[in-house]
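Here is a short tour of one protein model. Keep the sequence beside you as you read.

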Amino acid sequence: MRDVVELTRKLIERPSVTPADEGCQDLMIALLEPLGFDVTRIDVGDVRNFWARRGSASPLFVFAGHTDVVPPGPESKWRSPPFEPTEVDGVLFGRGAADMKGALAAMIVATQRFLNSESQPSGSIGFLITSDEEGPAVDGTRQVVDYLAREHVEIDWCLVGEPSSTATLGDVIRNGRRGSLNGTLRVSGVQGHVAYPELANNPIHAALGVLEALCERSWDEGNDYFPATSFQISNINAGTGVENVIPGELDVMFNFRFNSEQSPETLKRAVTEALDNAGLNYAIDWRLSGMPFITEVGTFTDAVSASVTAVTGQTPQLSTSGGTSDGRFIAPTGTAVVELGPVNATIHKIDEQVVTKDLELLADIYAELLRRLLSAGPERR
Ligand SMILES: [Zn+2]
């Protein structure tokens, strides 16, 4: 049962800060090829991706994930070095432990176990792995999805190993995600001496009111599948660094997480109307990071839920909250996409960690899911 923990450790040791892969994918491929997987590497620029498939029959079930991790932040604040996997009382510390090297290890170990007992499954298994999920996500999953479209490969079911669990392993399964829309706003004023404000135009003062109004605004109430749309300012910069100068510009970055009650156009219109009404001189750049998607309750979500229940005894809740994931690139092709992975309480934080027992249970859940979806024999449930 330790194999999944050992493999997670080997992945954490490789300091694959996005878009670096540092040999994580080589390690995975070296384990998949002996199981009969055909591997295609799809590298684009600095980004490493691979597609692996065993068998050609339908249905096609795919594990999707990423080998890159976010930067560790100040290493001195970690209880142990972020790229030295360290186990204390059944908890494994290291950058990527929960997001999402532990899930990658569980996918491999589950596949090994399943194929050990079932060498001729009814259907085929794929792996869609990138090193560009935490970064711009342009040269990663998107490129593999394009490749699969050119090759006429259609994925029936896809499990993304993102850390969906909140309190205990398997308590939450994500069957969709909100959309994400980014805005970069520059408000222009007139620079001047703080003692002569009548000769300047302070863009900070001009923008404060409308920014606060945008923060306070209720965008919608959500719907059956999605929580309410939210607006967050992530960066705000102005000033020359000295005490006696009114700055000439204010730069703001903000993000919408939006549900299917909104479209990028309705949100853009609402923001520009507010800025216009405030009389600001501004320019704004928009970047749509992903549209909302939903995998409706059915065969696949039922199989994932039943696998969790079989292993942990608990009934998971379906949810569309949380950040975006590469599921947004896979779902539009008609694939049923579900996310199920470790507890997400420490992801992207100092001292990221995962309970080692959870890694073992996660491998059990993934193996159970393979049995439920792809078993050929009478054991199929
Ligand atoms: Zn992740």
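Which residues line the largest cavity? They are Ala64, Gly65, His66, Leu128, Glu133, Thr141, Val160, Glu162, Asp326 and Ile330.

First, some ground rules. This is a predicted model, in which local features need pLDDT of at least 70 and side-chain atom pairs count only at pLDDT 80 or more, while totals for chains, interfaces and linings use all residues. Residues are numbered from 1 along each chain as its sequence is written, and side-chain values use heavy atoms, with hydrogens and water left out.

**Spaces in the model**

A cavity is a set of points, on a 1 Å grid over the protein atoms alone, where a 1.4 Å probe fits but cannot get out. A pocket is an open set with protein on both sides within 12 Å along at least five of seven lines. Lining residues have an atom within 4 Å of a point. A volume is the space filled by probe spheres set on the points, and grid points are joined across faces, edges and corners.

A search of the whole structure finds one cavity of 30 Å³ or more. The table sets out the volumes and the classes of lining residues. Ala, Val, Leu, Ile, Met, Phe, Trp, Tyr, Cys and Pro count as nonpolar; Asp, Glu, Lys and Arg count as charged; the others, Gly among them, count as polar.

| Space | Volume | Lining by class |
|---|---|---|
| Largest pocket | about 720 Å³ | eight nonpolar, 13 polar, ten charged residues |
| Second largest pocket | about 160 Å³ | six nonpolar, four polar, one charged residues |
| Largest cavity | about 40 Å³ | four nonpolar, three polar, three charged residues |

Take the largest pocket, with about 720 Å³ of space. It has 31 lining residues, and the closest to its centre are Glu134, Arg257, Gly323, Thr324 and His348. Strands S10 (179-188), S14 (249-258) and S15 (282-290) are the elements that give two or more residues to this lining. Helices (H or I, at least four residues) and strands (E, at least two) are DSSP runs, numbered from the N terminus.

The lining of the second largest pocket includes Val145, Leu148 and Ala149. Helix H4 (residues 141-150) supplies the largest share of that lining, three residues. In the largest cavity, strand S3 gives the most, also with three residues.

His66 lies in strand S3 (residues 60-66) and Asp99 in helix H3 (residues 97-117), so the pair ties together parts that are 33 residues apart in sequence. His66 is buried, at 1% relative accessible area. Asp99 is buried too, at 5%. Buried means under 20% relative accessible area, exposed over 50%, and partly exposed in between (1.4 Å probe, protein chains only).

Most residues other than glycine have a negative phi, and most peptide bonds are trans. The bond from Asp99 to Met100 is cis, with omega near -10°, and Met100 lies in helix H3. The bond from Thr18 to Pro19 is also cis, with omega near 5°. Pro19 is in the loop between helix H1 (3-12) and helix H2 (24-32).

His348 has a positive phi of about 65°. Asp351 has a positive phi too, near 60°. His348 is partly exposed at 42% relative accessible area, whereas Asp351 counts as buried at 19%.
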